[in-house]
Amino acid sequence: MRMVDIIMKKRGGEALLEEEIRWMIGEYTRGEIPDYQMSAFLMAVYFQGMTDEETAILTDAMAGSGERLDLSQLPGVKVDKHSTGGVGDKTTMVVAPIAAACGCTVAKMSGRGLGHTGGTVDKLESIPGTRADLSKEEFLEVVARTGIAVTGQSGNLAPADKKLYALRDVTATVDSVPLIAASIMSKKLAAGSDCIVLDVKTGSGAFMKTVEDSVSLAEKMVAIGVHSGKKIAALITDMDVPLGYQIGNTLEVEEAVRTLSGEGPRDLTDVCLALASQLLHLAGHGEIDFCRQEAQEAIRSGAALKKLADMIEAQGGDPDYIYHPEKLGRAPFTAELAAEKSGYIERMDALDIGVAASLLGAGRETKDSAIDPLAGIILSKKTGDAVKKGETIATLLTSDESRLEAAKKKLAEAVIIGAAAPRKHPLIYARVTEQGIE
Ligand code: URA
């Protein structure tokens, strides 16, 4: 087989054969196919797409490119969640402890921040001492002991995705439905859980900008999961506006803790309860309404917060940071973005806000640069809120004063004040399951 023939076939819009896809992924993982040929192939997929069958084979080949975690020795129903990435998205730190407090076993592998989007691994590591680089043995031991562990993706889990993702990031081929579906689902399948809930973000701060594209991505991922015998559902949730009020690593830990204490912002609480109840439903706990009550009770009783504290302790951190998140501290340099006129917040662009947070140090400029755990943005207003001229819309925080000016300029571009209150967006647009779209 020759890679050039496969590229040519895909460039012409033809569907590839199973043996072609498996050969290509195997050879690429072994380093036998150079990045320049794979880049050309990815661009051909970007323009020509892939059939559902091709996507399912690609996913399986990527999942099989490394080790598959065997969770069968762990007790209980193993559950997992995945978000396609957003700004202020701290749902894992809320949903995973709720699921564990309700008796599910959570063995979750998460990622670092990517571009303007944050990553759970960076957030966990912002809690002093907390490790998110557990070995497979440590990971399984923590799950067995506490019912929950969240760690970074092990080096040998879907290594084809690791290589392909890095290549897509620099060849403008990230936002392709079959490539995202295969990337996410290859990791989920290799990670071995029984039940998976997907949070497919839609809007300016998401990889998928329209509800239609998000639904189509969700349908592909659900079909791949069903094909592999998983119980799986996806929620399409809004990412035109950041989720919650705090963006940045320790700031997000703080807000997640507040949400687990029953005092979180409305939007974040609603999305987390929707995801958690969907997961409990998939795990066989009953109808969605009943599962929502179960999730609410895990928050009310303090059981979910305790699960997060137990997990942090088991992963090397001090659980006191969870019970007293103010101990995480605040960045020394701040600036305020004030309203230039009175009116209503007409738009608050999640993408620009994510970029502004990154400029403050909350994200990475290059793959290897360090992040500032205290950097970020606290919003005082969100889309639809009334503001008076001079009132604070947001506070910028950083440990490096020289970063404030550029970040403030970017943040100012993100916010538009209009004369009338804008039409409200739904927070949750749709649910996609094996049965279809609701
Ligand atoms: N997250 C992933 O893991 N992969 C993608 O392709 C996009 C988001």
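These legends describe close-up views of a predicted model.

Residues are numbered from 1 along each chain as its sequence is written, and side-chain values use heavy atoms, without hydrogens or water. Because the model is predicted, local features need pLDDT of at least 70 and side-chain atom pairs count only at pLDDT 80 or more, while totals for chains, interfaces and linings use all residues.

**View 1. The shell around the ligand.** Thr84, Tyr165, Arg168, Ile180, Ser183, Ile184, Lys187 and Phe207 surround the ligand (a residue is near if one of its heavy atoms lies within 4 Å). By type, the shell divides into four nonpolar, two polar and two charged residues. Here Ala, Val, Leu, Ile, Met, Phe, Trp, Tyr, Cys and Pro count as nonpolar, Asp, Glu, Lys and Arg as charged, and the others, Gly among them, as polar.

**View 2. Polar groups at the ligand.** The side chain of Arg168 places an N or O atom 2.9 Å from an oxygen atom of the ligand. Ser183 has a polar side-chain atom 2.6 Å from a ligand nitrogen atom. For Lys187, a polar side-chain atom is 2.4 Å from a ligand oxygen atom. On its own the ligand has 240 Å² of accessible area, and the protein covers 91% of this (Shrake-Rupley method, 1.4 Å probe; for residues, only the protein chains shown count as cover). Helix H8 (159-169) and helix H9 (177-191) are the elements that give two or more residues to the shell. H9 supplies the largest share, four residues. Helices (H or I, at least four residues) and strands (E, at least two) are DSSP runs, numbered from the N terminus.

**View 3. Helix H11, residues 249-260.** H11 has 12 residues and reaches 17 Å from first C-alpha to last, close to the expected 16 Å (1.5 Å times one less than the number of residues). The rest of the structure largely encloses H11, because 11 of its 12 residues are buried. Buried means under 20% relative accessible area, exposed over 50%, and partly exposed in between (1.4 Å probe, protein chains only). Among the buried residues are Asn249, Glu252, Glu254 and Glu255. Gly262 follows H11, with a positive phi near 85°.

**View 4. Helix H12, residues 266-282.** H12 has 17 residues. Its reach from first C-alpha to last is 24 Å, close to the 24 Å expected. Of the 17 residues, 14 are buried, so H12 is largely enclosed by the rest of the structure. Just after H12, Gly284 has a positive phi of about 90°.

**View 5. Arg431 in strand E13.** Strand E13 spans residues 428-433 and holds Arg431. Arg431 is buried, at 18% relative accessible area. Its side chain makes a polar contact of 3.0 Å with the side chain of Gln278. A polar contact is a pair of N or O atoms within 3.5 Å; within protein, one must be able to donate a hydrogen and the other to accept it, and residues adjacent in sequence count only if both atoms are side-chain atoms. Leaving aside neighbours within four places in sequence, the contacts of Arg431 include His281, Ile288 and Glu438 (contact means heavy atoms within 4.5 Å).

**View 6. Leu58 in helix H4.** Leu58 lies in H4, residues 52-63. Its relative accessible area is 3%, so Leu58 is buried. Beyond its neighbours within four places in sequence, Leu58 is in contact with Ile21, Ile25, Met50, Leu179 and Ala182.
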